[in-house]
Amino acid sequence: MVKSAGKTDMKSLTFSELQERLRNLGEPSYRTIQITDWLYKKRVDAIDKMTNLPGSLRSRLAEKFSLGTIDIVRVLGARDTTRKFLFRLTGGSLIESVLIPASPALYGGKADRRTICVSTQVGCAYGCKFCASGLEGFSRNLGANEIVEQLIAVERATGEKIDNIVFMGMGEPLANLENVLRAIRIINANWGLGIGARHITVSTSGLAPQIRKLAEEPLQIRLAISLHGATDEVRNRIMPINRRYNIETLLSACDYYKAHKKQHLTFEYILIADVNDSDEQARLLSHHAKRLSAKVNLIPYNSVPGLPWMRPSEKRQEKFLSILRSQRIPATLRREKGHDIDAACGQLRLQTERELRKDVIAKL
Ligand code: SF4
C-alpha cells in the first residue's frame with residue numbers, strides 16, 4: 001500500500017483495511033461506508049470535502065491519510081476514437097492509459113463497451129524487443145491507488161463511464177501482483193467502482209508462477225497471455241521472459257489456471273513481419289489455443305521509432321487469421337484503432353520524456 005510522508009493513501013486500502021484503521025481511531029463502522037462513498041461514488045479530491053464527517057474527524061484523518069490524484073498532462077485522440085492519456089504521478093514519473101471506444105468483443109462475451117487499458121508499473125523490466133515500455137527500463141511499481149486513479153481520472157476528464165478494464169498498459173501486471181490484486185478488489189467491489197470481474201482482464205507476458213497464484217484467487221477475472229510467438233525459438237528472440245519460463249512451462253501454468261477458473265483464456269498475438277507471422281507459427285498457435293480452449297486476438301504491430309520491426313501486409317495478416325479459423329479457433333484480427341496516435345504501450349510516455357529531455361538540454 002502507498003505511503004507518502006508517513007501517510008497511507010486512502011485509495012490504496014480495501015474496505016476491511018479502512019474499517020480496521022477507523023476502528024483503531026475509535027470510529028463506528030458506518031464511517032467506512034460514508035468514506036468509501038466519498039472516494040468512489042462522489043469522488044472528492046480532498047478529505048476536507050467529506051462534509052458529512054465531523055470536522056474533528058476530518059482533521060484526524062488528514063493527519064494519517066493522504067488522498068492523491070494524478071494529473072493528466074497530455075491527451076491524444078478525439079471522442080469516439082482511441083484516446084491516450086499521459087499522467088504525471090507524485091514524484092514526476094509519467095504513465096499512460098488508453099481509452100478504447102466500443103468495439104466487437106475483444107475479451108468479453110458480447111461487444112465490449114468503453115474499455116480502459118491501464119498501466120501497472122513505471123517502465124518495465126521485461127524488455128520485450130518490440131515494446132516501447134521496455135526501452136527505458138524499469139523505475140517502480142504503481143500503488144493500487146495509482147492504478148485505480150487512472151480510471152477515475154479518465155472518467156472525470158471525459159465524462160464517460162468505463163465498463164471494461166484491461167491491465168495491458170505499461171508494465172508487467174503480474175510482477176506487481178499484490179498492488180494489482182488490491183486495485184482489482186477496489187475496482188470490482190460494490191463499495192468501490194463496481195465493475196464486474198468478467199469485465200476485468202489481466203495480461204501477462206508469461207510469469208508462470210504468478211499465473212498459478214492468480215488461479216488460486218477467488219476473483220473470476222479474465223486472463224490474457226501475451227504470447228507473440230508459438231515456439232521457444234520465436235519467443236526467445238523477442239521476449240526475454242521465455243528464457244526463464246519457456247512455452248511448455250507457461251502453457252502448463254495456463255492448464256492449472258483453466259482447471260481453477262470458469263473464464264476463457266485469451267492469447268494476445270502481435271503480428272510482426274518475418275518474425276512470428278508464418279503459416280507454421282499460425283498452425284502451432286492453433287495447437288496451443290486448442291489445448292486451452294483459448295481465444296486469439298491478433299494485433300498488427302504498431303511500429304515504434306528506434307525499433308526495427310514492421311507490420312505484416314494485410315494479405316499476410318488475413319492468411320494468418322484464416323489458418324486459425326480453419327482450425328476452428330475463435331480469433332479476431334484487430335484493425336488497430338490507435339495506429340495513428342501511437343497507441344502501442346509506452347509510446348506516448350517515451351515520446352514525451354524524450355521531448356522533455358530535449359527541452360531541458362536546449363535550455364542548458
Ligand atoms: S510488452 Fe509488456 S512485459 Fe513486455 S516490455 Fe512491454 S510492458 Fe513489459
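This is a short tour of a predicted model, stop by stop.

Before selecting anything, note the ground rules. Residues are numbered from 1 along each chain as its sequence is written. In this predicted model, local features need pLDDT of at least 70 and side-chain atom pairs count only at pLDDT 80 or more, while totals for chains, interfaces and linings use all residues; side-chain values use heavy atoms, with hydrogens and water left out.

**Stop 1: the sheet**

Show the strands (DSSP runs of E, at least two residues, numbered from the N terminus). Ten of them form an open sheet: 10 strands in the order 4-5-6-7-10-11-12-13-14-15, with mixed pairing. Two strands pair if DSSP finds at least two bridges between them. Go to the edges: strand 4 (71-76) and strand 15 (331-333) each have a single partner strand, so one side of each lacks a neighbour in the sheet. From one strand to the next, the twist averages 20 degrees.

Now select strands 4 and 5. They run antiparallel and are joined by 5 bridges. D71 stands opposite R88 in strand 5.

Helices are DSSP runs of H or I, at least four residues. Contact means heavy atoms within 4.5 Å. Axes here are lines fitted to C-alpha atoms, for helices over the stretch in contact, and angles run from 0 to 180 degrees between N-to-C directions.

**Stop 2**

Select K84, in strand 5 (residues 83-88). Is K84 buried or exposed? K84 is buried, at a relative accessible area of 0%. Buried means under 20% relative accessible area, exposed over 50%, partly exposed in between (1.4 Å probe, protein chains only).

Next, pick V154 in helix 4 (residues 144-158). V154 is also buried, at 0%. Beyond neighbours within four places in sequence, V154 is in contact with F85, F87, L99, I116, G159 and I162.

**Stop 3: helix 5**

Select residues 177-188, the 12 residues of helix 5. Why call helix 5 largely enclosed? Because 9 of its 12 residues are buried. Among them are L177, V180, R182 and I187.

Methods: Expected span 1.5 Å × (residues − 1).
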